[in-house]
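Here are my notes for when you open this one up.

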Amino acid sequence: DVPKATEPRGDSDGPRRGSFCDRHCAAINNVQGDLGDLGCHLHRPRVPPAMSSPSCCQQHSEEVCESCVVKTTLTAENAVEANKLSNNYKFGFKKWKSHVTARPWEDRSEIVKELYSDLNVIRGSGGSTVTCGNVLYLLLFGWWLSLLYVLVAALMFITVVGAPYGRLCWDLAGYFLWPFGKVIQKVEVPKSHQVLGAGESSALLGGPVPRRWRPWFWADAGYWQRAGAVAWLCLGYPALALAHGLVCVTAWLLVILIPVAKLSARTAARVLLLPPEQVLVRRLRMTEVPLEGEVILCCYRAVNPYYYKYAVDGINVFAVNLLPLVLVTLVVGYVDSHNRLTSSPVKFTLALLSIMPLSYYIGMAIASISAQSNFAVGAVVNATFGSITELTFYITALIKGSREGNRCYAEIVKSALTGTLVGCVLFVPGLCMVIGGIRHQEQRFNSRSAGVSSALLFLSVGGELGTGLSPGLGGVPPAGAPMPCSSTPAGVFAPTLFSKVYGKLVCGECHNVTQNPLGHYLCHNCHFDLMENNGTLYYSHVQPLVYTVSLLLPAAYLIGLFFTLKTHSHIYDIHISDCHMPGHHHSAVVHWSRWRALVILLLSTLCMSACADLATEHISPILTNSTISQYFIGVTVLAMVPELPEIVNGIQFALQNNLSLSIEIGNCIAVQVCMLQIPILVLFTIFYPTNFTLVFSDLHVYASMFSVVLMNYIFMDGKCDYFQGTVLVMVYFILLAVYFFAPSPSGC
């Protein structure tokens with residue numbers, strides 16, 4: 001390691017641009033983090049010319065100049081956000097893209113400001129209002145809302161006393177048929193009709209809201225006015241409020257139609273509760289800007305594709321929309337226990353989908369607590385709850401399999417573990433490389449930090465110098481011939497390789513292919529029996545090896561933490577500094593306080609346990625009746641669905657040219673699978689005996705080893721492009737095809 005020099009004080013206008021070596025080093029160290037949405041900057045102080053090695057420029061253009069590896073400075077908005085950014089680069093900590101604090105309004109882009117603005121701003125001429133999104137509104141909501149207003153208007157005219165409301169509904173019928181380019185205003189009326197009480201602003205609906213609500217029609221109003229208001233509240237308003245509520249919920253769930261949801265919400269909460277003489281509906285002209293009266297509604301576009309960025313109290317809109325699914329799943333799953341309303345496959349699908357938003361809430365809570373706490377608390381929270389999503393499902397599946405005496409659940413858990421490992425090693429980084437490579441021609445990442453995870457993965461998975469046959473999938477040697485297997489077991493697959501060397505091969509059915517007693521035999525449903533002689537081999541040799549490995553792997557994980565976070569933390573070269581720019585506020589306004597995040601974390605974990613219990617309860621019919629291999633179900637659905645929030649985070653980092661964090665997301669999950677989750681499951685069997693043994697099928701062993709070796713080869717040079725990502729993704733799909741056509745595990 002070369003000494004790191006800071007930037008000269010006189011060079012405040014930017015990085016030096018002098019020699020070819022400086023420009024080459026600048027290109028190598030040009031790593032952009034997840035700061036596009038932060039309004040902050042990332043820079044690397046350059047080494048002064050006196051410290052630059054003369055031999056640096058003489059090296060090959062693709063090699064990394066050691067003198068250029070200097071500290072990366074990330075500028076954050078406040079101390080809490082700085083801690084979150086720093087935790088993203090720490091080994092073993094959850095990588096989180098979303099903000100844990102509220103961003104200053106002035107630092108946001110105009111696109112984001114429009115998402116959170118109220119629909120009461122009158123703009124200049126912005127072109128035609130006839131767009132595809134507005135036509136979609138007309139087809140989905142506009143025509144029947146307008147028809148409903150016409151029917152309510154006719155009903156109000158029939159009552160006679162509600163005639164003013166009938167005229168209002170008639171005007172609103174034309175408005176909601178095509179509300180774009182029109183405005184609803186509140187005009188001045190005599191004092192006797194005004195709402196009593198001073199107003200205060202509302203962030204949800206906008207505009208003044210009375211502090212003490214009193215119906216206007218009871219304040220100095222005549223008999224006919226009160227009678228008309230009663231008729232309106234009893235006959236007209238409920239139907240319209242229900243219709244607008246339906247439109248609001250539907251548009252909100254569609255996300256891109258959230259402006260329509262805001263339009264309906266404000267109409268039901270404000271417009272329909274105003275006196276009819278105070279509501280004025282008019283069309284805006286190109287050169288006209290109404291100056292008199294308060295603007296309540298003014299909408300130009302029904303669709304905004306950027307609403308996928310919308311957040312409610314720091315929670316992404318998709319996670320908010322999926323939260324009711326969790327409640328529906330729990331109610332349907334436990335109330336309809338006899339499957340009278342829905343079938344088991346439907347309940348299994350609902351339970352599996354409910355895991356996605358719960359994973360998001362758990363990740364947000366962990367990131368919030370870690371960012372607001374010291375290093376020790378953050379490390380404990382990440383180590384305790386970092387793998388809680390997967391462990392909850394695995395443990396409930398093993399308990400159910402043990403109660404029913406069904407080995408299929410243990411095999412499904414092994415398939416899910418292998419699927420998570422292979423998916424996070426191949427699919428997650430490969431997909432991030434492909435998507436990031438579309439925007440950036442070549443992406444670079446910190447090969448030294450990625451090398452730590454790769455080394456731990458190689459240690460936990462192990463290598464195999466020589467391979468035996470695959471009896472579960474085909475041929476075996478002639479009768480009496482020794483098993484040709486020489487290997488160097490390491491990590492979680494050490495008991496598997498050990499059992500292949502010393503276990504007894506037992507096959508369900510064998511056929512003599514050559515009709516010769518000494519010829520070749522074709523056998524099916526073969527496995528290595530470890531229970532020969534009352535289980536002497538298993539209990540005396542394999543089981544102690546399993547427990548030893550389960551203790552050594554977490555110890556290696558702790559050594560990796562100590563190495564990356566304490567003794568060799570400089571390999572990440574991350575320094576966080578505060579912003580000193582106009583408009584930046586150093587006082588952090590957190591979305592979730594520590595206690596709130598802790599409560600959400602515990603509740604999400606509890607709901608996760610319930611959903612995992614429902615998923616394992618209703619997976620049995622799928623395993624029994626499905627024509628798809630149980631291997632495929634485990635390595636795809638059960639393995640990757642809980643990791644979808646992490647995949648989304650990795651894609652967002654890759655799009656912002658921060659591939660280091662995208663790779664670390666997959667590597668950290670894979671390392672936790674091998675070094676934490678599997679040992680925890682093994683140690684769990686000590687307290688609650690299950691059918692889970694650390695002996696995997698040949699397919700799992702070969703797929704995992706090949707994936708880790710390929711990952712180490714791709715990550716060797718510290719740079720990548722979309723082609724290398726495509727290779728990883730294609731290899732992953734090839735392995736999925738192998739699992740799809742593979743026969744189901746023995747005993748299932």
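**Notes on the predicted model**

1. Let's begin with a loop. Tyr306 sits between β7 (294-299) and β8 (311-312). Keep in mind that this is a predicted model. At 35% relative accessibility, Tyr306 is classed as partly exposed, because that class runs between the under 20% of buried residues and the over 50% of exposed ones.

2. Tyr306 also belongs to a nonpolar surface patch, together with Ile111, Tyr308 and Phe318. The four residues share about 370 Å² of accessible area.

3. Now for the largest pocket. Its volume comes to about 1,500 Å³, and 43 residues line it. Nearest the centre of this pocket you'll find Ser98, Tyr308, Lys309, Asn316 and Gln652. So Tyr308 turns up in the pocket lining as well as in the nonpolar patch, with pocket lining meaning an atom within 4 Å of a pocket point.

4. Which elements give two or more residues to the lining of the largest pocket? They are α3 (110-116), β8, β9 (315-316), α8 (317-335), α9 (344-371) and α19 (644-655). The largest share belongs to α19, with seven residues.

5. Last, the cysteines. The disulfide count is zero. Take Cys299: the nearest cysteine sulfur is that of Cys298, 7.8 Å away, and a disulfide needs the two sulfurs within 2.5 Å, so Cys299 is in none.

6. Are Cys299 and Cys668 buried or exposed? Cys299 has a relative accessible area of 3% and Cys668 has 8%. Buried means under 20%, so both Cys299 and Cys668 count as buried.

Conventions. Residues are numbered from 1 along each chain as its sequence is written. This is a predicted model: local features need pLDDT of at least 70, side-chain atom pairs count only at pLDDT 80 or more; totals for chains, interfaces and linings use all residues. Side-chain values use heavy atoms; hydrogens and water are left out. Buried means under 20% relative accessible area, exposed over 50%, partly exposed in between (1.4 Å probe, protein chains only). Patches are made of residues with over 30% relative accessible area and no salt bridge: like charges are joined within 9 Å, nonpolar side chains (Val, Leu, Ile, Met, Phe, Trp, Tyr) within 5 Å. Accessible areas come from the Shrake-Rupley method with a 1.4 Å probe; for residues, only the protein chains shown count as cover. A salt bridge is a side-chain nitrogen of Lys or Arg within 4 Å of a carboxyl oxygen of Asp or Glu. Helices (H or I, at least four residues) and strands (E, at least two) are DSSP runs, numbered from the N terminus. On a 1 Å grid over the protein atoms alone, a cavity is a set of points where a 1.4 Å probe fits but cannot get out, and a pocket is an open set with protein on both sides within 12 Å along at least five of seven lines; lining residues have an atom within 4 Å of a point. Grid points are joined across faces, edges and corners, and a volume is the space filled by probe spheres set on the points.
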